[in-house]
Amino acid sequence: MKRFCLSDLNLEQELSAREESQKCLRVQMVALREIEARHHIRALRNILLLVTIIGLGLGWRGLAAATPPVRDSMPHAIASIIAPFPMPPLDRPQFPDRVFNIQDHGAVAGGQTKNTEAIAKAIADAARSGGGTVLVPAGTWLTGAIHLDNNINLQLDEGAVLLFSQNFDDYLPAVLSRHEGMDCLKYSSFVYANGKTNIAITGQGTLEGQGKPWWVSEKELRALDSKTLQQLADENAPVEQRIVHLRPAFFQPIHCRNVLVEGVTFRFGAFWTIQPTYCENVIVRGVKIVTAGDYGHTPNGDGVNPDSCRNVLIEYCDLETGDDCITLKSGRAADGLRVATPLENVVVRHCRMGQGHGGIVVGSETSGGIRNVYAHDCAFSGTDRGVRIKTARGRGAAIENLWFENLTMGEIMKEAILLHMLRYTPRLPVFPVTETTPRLRNIHFRNITCEQAGGDAIQMVGLPELPMSDIQFANIAIKSATGVNCTDARNVLFKEVGIQPLKGPVFDITDSSSITLENLRLPERAALLLKVSGPSAQNIRLRETDLTNATKVLELGADVNPGAVEIQKPRSNSSEL
């Protein structure tokens with residue numbers, strides 16, 4: 001592997017394009033507020049519009065930047081985990097009471113002397129002694145890849161900065177990794193461990209990735225391979241032959257047990273930030289991750305990405321990312337199906353998501369299956385989407401048993417909630433159902449608010465050959481540009497849901513069945529409550545809902561069976577059917 005870089009000009013052009021895209025999104029959000037104010041939906045919205053404009057004037061992060069970090073309120077003790085599925089208690093791994101200061105092993109502060117060897121010596125000495133704390137004291141310490149060993153706690157004191165080298169050769173030799181859901185050998189992650197037990201990164205210091213050279217080299221790195229990783233995986237090439245020139249994660253423990261990341265700050269790596277892979281018993285708490293901001297915008301700069309792990313707790317984290325904030329993954333397509341290792345038993349709580357493509361995201365690498373996820377008491381402001389679940393034909397496996405509760409969203413640029421199974425292929429023709437057909441089922445959303453979504457309040461896109469099923473929404477309040485769009489779904493309940501779209505129907509349902517709308521909270525003016533289309537639409541029930549504010553309750557497409565919709569006990573005599 002060699003280092004290949006594009007010019008700085010290409011980077012500036014890319015960042016400029018991203019800034020222009022962000023400006024367009026801001027303009028759209030302001031326009032939505034102006035439309036809302038002209039229609040006098042609520043006088044209070046005029047005040048919120050002014051506040052939003054001021055916030056956008058402060059920068060992309062807007063008002064979220066003024067929110068106190070949630071990690072400031074983090075208790076020392078890890079609270080009991082109460083989840084709607086069996087999950088063992090998780091606690092910090094314990095380390096021997098021995099300290100190995102990197103300065104005592106030859107490390108030199110100042111950010112000019114490379115300390116890779118000195119840090120490796122400290123870790124090796126600690127490991128030979130049965131483990132302990134490898135201490136990084138205050139100061140700036142330049143280093144290449146750091147490889148942890150059993151029973152090692154890498155502790156960064158307050159004021160300590162691990163400054164990672166921009167020389168690609170400092171991350172060689174290539175190590176076993178997983179890249180976007182496919183096993184391979186690539187550059188070592190900045191901090192790495194393979195097959196270790198009881199490892200940690202803790203303290204109040206900062207891991208500074210200064211990853212910009214990796215960003216501008218991404219296309220040239222990929223071009224070095226005669227075959228892409230996707231091709232090698234599809235051909236089932238042995239993993240040891242999949243040596244590829246791809247950007248490393250910041251911290252990727254793989255096949256490890258009892259992993260802790262606590263208190264530290266990660267800034268601007270090369271790629272994804274924290275990616276525990278094939279690990280068991282993982283705790284990420286009180287961590288700050290920044291991959292979009294003063295230094296630039298990390299491409300694919302995800303925050304925390306547990307990948308085919310078991311028993312994961314993510315809490316009290318603050319995230320400002322160049323891609324998704326927290327993403328749950330389990331392998332891609334053929335290689336993920338080969339490994340067949342699910343991500344299961346995950347709790348996300350008390351986190352704050354700022355800038356990012358998605359706040360809490362599931363997929364799209366889902367081929368090992370993702371199950372038993374409980375995300376609650378989190379806040380979002382400035383993300384493109386709040387909750388996003390995504391998979392595709394060819395990924396196979398099931399996404400199931402997910403609960404999202406007590407989520408607060410401020411300004412969301414696109415959909416507040418998105419469930420999407422139809423990436424990369426058109427809806428028709430219908431595909432045969434095989435082991436590569438993904439399943440999406442048993443998903444619960446409760447107690448969720450969103451001040452303003454720039455797209456659909458809720459968008460659900462299933463597969464015509466295998467609709468998503470058993471989805472529940474309860475006590476949801478979302479103000480949005482457009483309402484709920486639901487295609488190819490079955491057994492869906494909307495109960496005590498209040499959607500306030502600026503245009504279009506409140507609910508737009510296509511080719512879906514067994515949909516129940518119960519005790520809805522209608523907006524002050526609803527030009528059209530429910531639009532139903534598609535020949536597969538059936539058994540759609542509207543119950544116990546005051547229809548006074550609906551100018552028109554129902555609009556049926558020409559291809560819909562007239563008996564497909566049942567309206568029980570409408571409470572308004574003035575609504576036009």
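Asn 115 sits in the loop between strand 1 (99-101) and helix 3 (116-128); strands (E, at least two residues) and helices (H or I, at least four) are DSSP runs numbered from the N terminus. The model is predicted: local features need pLDDT of at least 70, side-chain atom pairs count only at pLDDT 80 or more, and totals for chains, interfaces and linings use all residues. Residues are numbered from 1 along each chain as its sequence is written, and side-chain values use heavy atoms, without hydrogens and water.

User: Why is Asn 115 called buried?
Analyst: Buried means under 20% relative accessible area, exposed over 50%, partly exposed in between (1.4 Å probe, protein chains only). Asn 115 has 1%, so the term applies.

User: Which residues does Asn 115 touch?
Analyst: Contact means heavy atoms within 4.5 Å. Leaving out residues up to four places away in sequence, Asn 115 touches Gly 106, Ala 107, Val 108, Trp 141, Leu 142 and Thr 143.

User: What makes a set of residues a nonpolar core?
Analyst: Its members are buried Ala, Val, Leu, Ile, Met, Phe, Trp, Tyr and Cys, joined through side-chain atoms within 4.5 Å. The largest such core here has 126 residues; Phe 404, Phe 445, Phe 473 and Phe 494 have the most contacts inside it. Strand 27 (residues 439-461) gives the largest share, 10 residues.
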